[in-house]
Amino acid sequence: MQLRRLLLPSAAVVGLIGVLMLWAGPAQGGARALTDTVHYTQRAYEFAGDDHDTATAKAIAFVCDDKADYLDTPRDACERDAGGVLGFPRQYQAIFQARPGLPALMSLFIRVFGDQGIYLTILVLQVAAGVLLVLAARELGLPGLWPLAAEAAYFLLPSGYVGTRVLSEAASAPGLAALLYAVALLVRDRRRNLAVGVGAAAFAWLFAVRDADAVLAAGFLLLAGAAGYGLRRARTAWSARLALLAGGGLAIMVAISSALSWPTINQGITDTMTNHFTQPVPADMYVRFLHAEFRFWRVFLPMISDGAYLVVLAALGLWGVARWARPRVAAPVLAVAAVGPASLVLHPGDWARMLAPMWIVVAVGLPLLAVSWRSGRGAAERGERPDEEPEGESEGLRDASVPGPRFEGSLAADQ
C-alpha cells in the first residue's frame with residue numbers, strides 16, 4: 001500500500017525529469033517548436049484575446065525565438081517559412097482548425113504565464129501522459145516499481161522526442177495513455193464505471209486535439225471488441241462493453257465531424273497529393289497516392305536499417321504485450337498501437353510523428369517482456385513449466401509474483 005501511494009508522485013517526478021532532459025538541448029536536430037507549431041500558437045493567442053494580426057505576429061515570433069535558441073536558425077528564413085505555412089489555402093488551414101483542444105488549453109496558460117505558458121502546457125501534458133501510462137502499466141499487471149520503467153521507456157523512445165515538441169502529438173499522448181488505462185480496466189473487469197468514464201474522456205480529448213487518432217483508435221478497438229465477442233469460446237463481458245464504448249464513440253465523432261464539416265480522410269490524402277492544396281487535384285489522385293506510398297516505403301524500409309535498434313525495440317515491446325496476455329486480451333492493447341502504423345500509411349512522410357501512438361504501447365510492452373522473462377526464468381530454475389496456466393485464470397493477464405505466463409493480475413490485493 002505504501003508503494004502504491006508513492007508510485008504516482010514518483011511518476012510525476014519521472015515525467016518532469018524526462019521532459020526537462022529532452023528540452024536540455026536540440027534533440028534529433030530539432031527545436032521544441034517546429035514549423036507546424038505556428039498553427040497551434042496562432043490560434044492559442046487568438047483564444048487568449050489577441051486579434052488575428054497580433055496573434056499571427058506573436059506565433060511567428062515564438063517559433064523563431066525557439067529555433068534561434070536551439071538551432072541558431074536565421075530569423076528571416078524562419079519568419080518566411082512560418083509565415084508561408086499560414087498563407088496556405090483554407091482547406092489546409094481547416095486541418096488545424098479541427099484541432100481546437102491544444103490551442104484552447106495553451107490559451108489558459110498564456111493568460112497567466114505569457115509565452116512561457118506554451119511550454120508549461122506541454123510540460124503538464126507530458127507529466128499527465130507519464131502518470132496515465134504508469135496507471136495503465138500497473139493495471140496490466142506490472143508489479144512494484146516496474147510501471148515507472150514503462151514511463152521511462154516512453155521518454156527514451158521516439159515518443160519522448162515527439163511528445164515534448166509543441167505539436168498536436170504532445171496533446172494526443174495523454175489521451176492515448178488514458179485510452180490504454182481504460183482498456184486495461186475493461187479487460188480486468190474492474191471499476192467498470194471508471195473504465196467507461198476514462199475511455200469516454202479519452203475519446204473526447206483525442207477528438208478535440210487530433211481527431212484522426214481518435215477515429216482510428218475507436219475503429220480498431222471496435223474491431224477488437226467485436227472480434228472478442230464474436231468468438232464463442234473467447235466471449236467475455238468486457239468484449240461487449242469495449243465494442244459498445246468504441247462503437248458509440250466512433251458514431252458520435254463521425255456525426256460531429258460531419259456536422260462541423262471537418263476534414264475527412266479523403267481531404268487528408270488530397271492534402272498530401274496537392275502539396276497542401278497549392279496544386280490542382282489530379283484526376284487519378286488515388287492511383288498516384290498508391291505510387292507515392294510505394295515510393296515512400298521503398299525508401300523508408302532501407303532507411304530504418306540505420307536505426308535497426310528501434311525496429312528491434314518495437315518488435316520486443318509488441319511481443320511483450322502479446323506474450324503477457326491471451327490473444328483476446330492483447331488484441332485491444334495492440335489496437336491502440338495500430339493507430340501509429342495506420343497514420344503512417346494514410347500520411348506517408350514524417351514517420352517519427354506518425355508512429356508515436358505505437359511507441360506508447362511499446363513503452364509498456366518492454367517491461368512486460370522483461371518481467372515475464374524474469375519470472376519465467378525463475379520458474380525454470382525451480383523445475384516448473386513456465387507455460388503452465390493455473391486453475392482459476394480468467395482474464396489472461398500475468399501476475400509476475402507467480403510463475404507462469406498468464407494470470408489474473410498482480411493487483412488482486414488492491415480490489
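Predicted model: local features only at pLDDT ≥ 70, side-chain atom pairs only at ≥ 80, totals over all residues.
Helices here are DSSP runs of H or I with at least four residues, numbered from the N terminus.

Two remarks on the source. Residues are numbered from 1 along each chain as its sequence is written, and side-chain values use heavy atoms, with hydrogens and water left out. Local features need pLDDT of at least 70 and side-chain atom pairs count only at pLDDT 80 or more, while totals for chains, interfaces and linings use all residues.

Now the packing. Helix α3 covers residues 52–71 and helix α4 residues 75–86; they pack at about 135 degrees, with axes 9 Å apart. The axes are lines fitted to C-alpha atoms over the stretch in contact, and angles run from 0 to 180 degrees between N-to-C directions.

On the α3 side, the contact (heavy atoms within 4.5 Å) includes Ile 60, Val 63 and Cys 64; on the α4 side, Cys 78, Ala 82 and Leu 86 are among the residues.

The structure holds one disulfide, taken as cysteine sulfur atoms within 2.5 Å. It joins Cys 64 to Cys 78, S to S 2.2 Å. The two cysteines sit 14 residues apart, Cys 64 in α3 and Cys 78 in α4. The S-S torsion is about -100 degrees, so the disulfide is left-handed.

Cys 64 is buried at 2% relative accessible area, and Cys 78 is buried at 5% (buried means under 20%, with a 1.4 Å probe and protein chains only).

Notes: Buried < 20%, exposed > 50% of the residue type's maximum accessible area, 1.4 Å probe, protein only.
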